[in-house]
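Let's go through how to read ring pairs, helices and nonpolar cores in a model. Have the viewer open while you follow along.

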Amino acid sequence: MRHARLPVAALALAASLVPAASRAATDCAAEYARHLESDLALSYREFDQSESSGYRALAAQGCRAQAAALLERYIARSHDLERVMWWHSAQLKAEAGDYAAAIATARKSLAASEDFDRNPIRWNDYVQATIAFWQHDRDALRQHRAVVAAGAADFLPNQINLDMLDSLTANFDLGYADAMARVRHASRQD
């Protein structure tokens, strides 16, 4: 094994790019405890959308597994936008190298049903394609990517997710953290 508001998914990934020296110097257990004391009472916007607070601040210190745990504690307490936050937790687990946990968590973000006429986001296929990457299943990745591509011209979040899936496809033989580092590097070059 390898490796809503969807524009936010791309932002979650950007928060996790930290130099190795910074990660080594961070006491993630202590930082997690500090964030538990202060962050569970934050609004959704402060917790999920801010680079300076909430799980993103913890992930930016290189504490991905702890940031995922913080997300799940927040979900249990607030039930705010659960699907997106389960997805962010799954991404962090995958970047930390725990693909089995990432897959189980990502499945919690799936919609029970989708009606593209009411909501054009191809969410489930985006999630399933990423799971296929984590499982190193190129055929499933291509199959789900095609569904996202079918909605890309009509809805910007589908295009953003398609770009992510195309990057995963191009970096298929890398682990998720390395593939996402290349995605971030490429986006800074644009």
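This is a predicted model: local features need pLDDT of at least 70, side-chain atom pairs count only at pLDDT 80 or more; totals for chains, interfaces and linings use all residues.

Q: What makes two rings an aromatic pair?

A: Rings of Phe, Tyr and Trp (its six-membered ring) pair if their centres lie within 6.5 Å; planes under 30 degrees apart are stacked, over 60 edge-to-face, and the rest tilted. This structure holds 9 such pairs. Take Trp-87 and Trp-134: their centres are 5.9 Å apart with 25° between the planes, a stacked pair. Trp-87 sits in helix α7 (residues 82-95) and Trp-134 in helix α9 (residues 123-134), so the pair links distant parts of the chain, 47 residues apart.

Q: Why is the pair of Trp-134 and Tyr-176 edge-to-face?

A: Because the planes stand at 85°, with the ring centres 5.4 Å apart. Tyr-176 belongs to helix α12 (residues 176-189) and Trp-134 to α9, so this pair ties together parts that are 42 residues apart in sequence.

Q: Are those two residues buried or exposed?

A: Buried means under 20% relative accessible area, exposed over 50%, and partly exposed in between (1.4 Å probe, protein chains only). Trp-134 is buried at 0%, and Tyr-176 counts as buried at 1%. Across the protein, buried residues make up 47% of the 190 residues.

Q: What is a nonpolar core?

A: In soluble globular proteins, nonpolar side chains tend to be buried together. A core is a set of buried Ala, Val, Leu, Ile, Met, Phe, Trp, Tyr and Cys residues joined through side-chain atoms within 4.5 Å. The largest one here has 29 residues, and Trp-87, Phe-133, Trp-134 and Tyr-176 have the most contacts inside it. Its largest share, 8 residues, comes from α9. Apart from it lies another core of 20 residues, including Leu-70 and Tyr-74.

Notes
Residues are numbered from 1 along each chain as its sequence is written. Side-chain values use heavy atoms; hydrogens and water are left out. Helices (H or I, at least four residues) and strands (E, at least two) are DSSP runs, numbered from the N terminus.
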